[in-house]
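Subject: Structure handover

Hello,

Here is the structure I said I would pass on. My notes on how two parts of one chain meet follow below.

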Amino acid sequence: MNVCCYFQVHQPFRLNKNYTVFDVGKHDAYFDEKLNKEVMAKVAKKCYLPTNKLLLKLIKRHGIRFAFSITGVAIEQFPKEVLQSFQKLADTGNVEFLSETYHHSLAFLYDRQEFDHQVGLHKKTIKKHFRQTPKILRNTELIYNNEVASHAKRLGYKGVLAEGADHVLDWQSPNYVYQSPSGVPLLLKNYKLSDDVAFRFSDKSWKGHPLTVEKYGSWLSQAPGDVVNLFMDYETFGEHQWEDTGIFNFLESLPKELEQKDIRFISPSEALKQAPKATVDMPNFVSWADVERDLSAWTGNKLQDSALEKLYKMKQTLSGKALEDWRKLTTSDHFYYMCTKWFNDGDVHKYFNPYDSPYEGYIAFMNALQDLSQRQEEWITV
Amino acid sequence: MKILMLGWEFPPYKTGGLGTACYGLTKGMSKEGVDITFVVPFDPGKGEFVNLKGMTKTKVERIPSLLTPYQTSAGYDACMNDQGAQEVYGWNLFAEVERYSQLAAGFADDSFDIIHAHDWMTYKAGILAREITKKPLVVHIHATEYDRTGGHPNEEIAKRESEGMHAADLVIANSQRLKDEVIKHYGIDAAKIEVVHWGLDTDDKSIPQRAGWNQPTVLFLGRMTIQKGPEYFVHAAQKVLSHNPNVQFVMVGSGDKLPDVINLAADLGISDKILFTGALRGEDVNRAFSMADLFVMPSVSEPFGLVALEAMHNGTPAIISKQSGVSEVMRHCMQADFWDVDKMANLIATSLQHTAVLDELKHNGKKEIKRFDLATPAKKVINAYGKVLL
């Protein structure tokens, strides 16, 4: 048995909620630079810097391997020391970087050409900063169906990451390599064991609490299969689970505990050396979000659908700075903030959400978009 | 369980949320099997009809009096003048409260388990009734004198509010916000204050067909008093009109601020864009909601704000003041600080332009309003009684 960890690193360019209808046509300062800087500084201090330091130590001590998927918009916002600390990890050769859209967007659902562009842009950025070319694709928020796999194949990827949702796997274990109908190898997230750490680690009402490395190690060693795929937000360490929950101590002592049980930390590319055990057919989209694990966190209500429709209709005639701004608006977080299924998932959706309500998220977005569409008209008339 | 309730206005009489709240609570508790004797000041000049539909265990006792909810000293004096200064009534507001208190306490006897009094005018009666019955006194606070006066209380009224709450065994507040205010202004022990958010009585409320005008329409509906912030609505209207001159504003309600508000609209040069209807009742209120694309409640200090739930029930999306109790519990709405005219104007103008936001608010409001029924607050109040019934 092995574990394959992938950590998602992403921070959006949040919109300036004081950009109002009265600013439309006057200026294009859509993004809240101050807020974005503050959030980045806070997350860097609580999560990125200490966790990177710890992982570097664990690589040296135990030779662990794992993967990052870091969005382009996050990299753009990294302070220098944060970027350098990720580069140090890359330099060890033990860290694999995955491909995704530069802007953490939903482009795969709305504009395939744009998707390819954003993936290409991301690939270039990863190569520039971390000197490796990603070979495995993960789409935004693990949004996946058969088509994502066949598209990835066309783009030359060796494998794809996806959610191991119950309604897809049914009785099958996620702890094997599978393949898509088009023959693309897949790594599926073991959401139970991933979420034990990512969501439940500090939950005192959970029967697994407190989660010790001994307990977690025994769960991993008892799991059937070849590889347990632990996929989670990198912010789990220090931000979703604060330092005082003991999350760093847990991470620090896990490799040693697993060594004793003969469980190794491997990278996705290593995991994919196993031959696929079976084909999984996923005609419908699944994701890793919310209890539904579908697209309903970003699409489906009237706010989201109207915003997405207007957004993706607008691209053709944009160029230069306007097109760059447009791409920042494709980031999926903007639509996540507009989600109105608060009753079950309210807490998660409020996380880092700068708005009082999804309605205000929509209003800020539409004003930025309105201004952008007027800039587009200006281009045409020039 | 048998309750002596000292309250206000039953339908069809209604000057605001207080009467509606008393009625809703009585109706909700009656459905939970609680026996209620409801004592209410009543102007005999107004006729006798009171609607008690669905309230089999409720008995109403009327005390002839000129007291009405939200009354000020000056308001009472004016009322006395209208009535030709009849000798039966107190010579001023406080004398009338005293007279009412003695009469109301006369209904108290051992058969009651709890005395429950609503807002300051009934507190004295509640204290007297407790002396007679030796039963726990629950005082319900719907609004403080600070709310009603924009922070410039009549000292005598504030004093009586304070006395009533200090004397009470249990205080029930309409919102966390009101609980905090009562602690801040009157130093009431937090441990004896329960928060119970209101629900809406939808039994007799049909939802009228939406009667869309040709123009996008924005509604204010409430008493034209300092508490309700009508002038912020007018300022927001001016800002919206600077962006979109095609919007129609409607202001429903009357009150001492009405002349000022009309003048303000004239000074800002938008008189032709604001329609003043005066106070409306019953079906006309529903019709006003049905004409509006958006309802705005810019209250400066709103202990609860039942009107926001009425808007939601009528399918009219709302922008509500963050300085309101209802903003603590209502999710599917937009919110702004009452003074933040720029934000209010932005929310109005943008949502009239990108109307998906109105559709989504309506869609979710239809589901959410079901959470605000009468049974929920009634059960909470009955549970709270348990704390003082030993």
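Domain bounds here come from an automatic or database domain assignment. For chain B that assignment gives domain 1 (2-199 + 373-388) and domain 2 (217-371).

This is a predicted model, in which local features need pLDDT of at least 70 and side-chain atom pairs count only at pLDDT 80 or more, while totals for chains, interfaces and linings use all residues. Residues are numbered from 1 along each chain as its sequence is written, chains are lettered from A and ligands numbered from 1 in the order in which they are written, and side-chain values use heavy atoms, with hydrogens and water left out.

The C-alpha centres of the two domains of chain B are 28 Å apart. In contact (heavy atoms within 4.5 Å) are 24 residues of domain 1 and 19 residues of domain 2. Together the domains bury about 1600 Å², with 55% of it on carbon and sulfur atoms; buried area is the accessible area (1.4 Å probe) that two parts lose on being put together, summed over both. On the domain 1 side, B:D147, B:R177 and B:H197 lose the most area to domain 2, together 32% of what that side buries.

Eight residue pairs, both at pLDDT 80 or more, are in polar contact between the domains. A polar contact is a pair of N or O atoms within 3.5 Å; within protein, one must be able to donate a hydrogen and the other to accept it, and residues adjacent in sequence count only if both atoms are side-chain atoms. The count of salt bridges (a side-chain nitrogen of Lys or Arg within 4 Å of a carboxyl oxygen of Asp or Glu) between the domains is zero.

Regards
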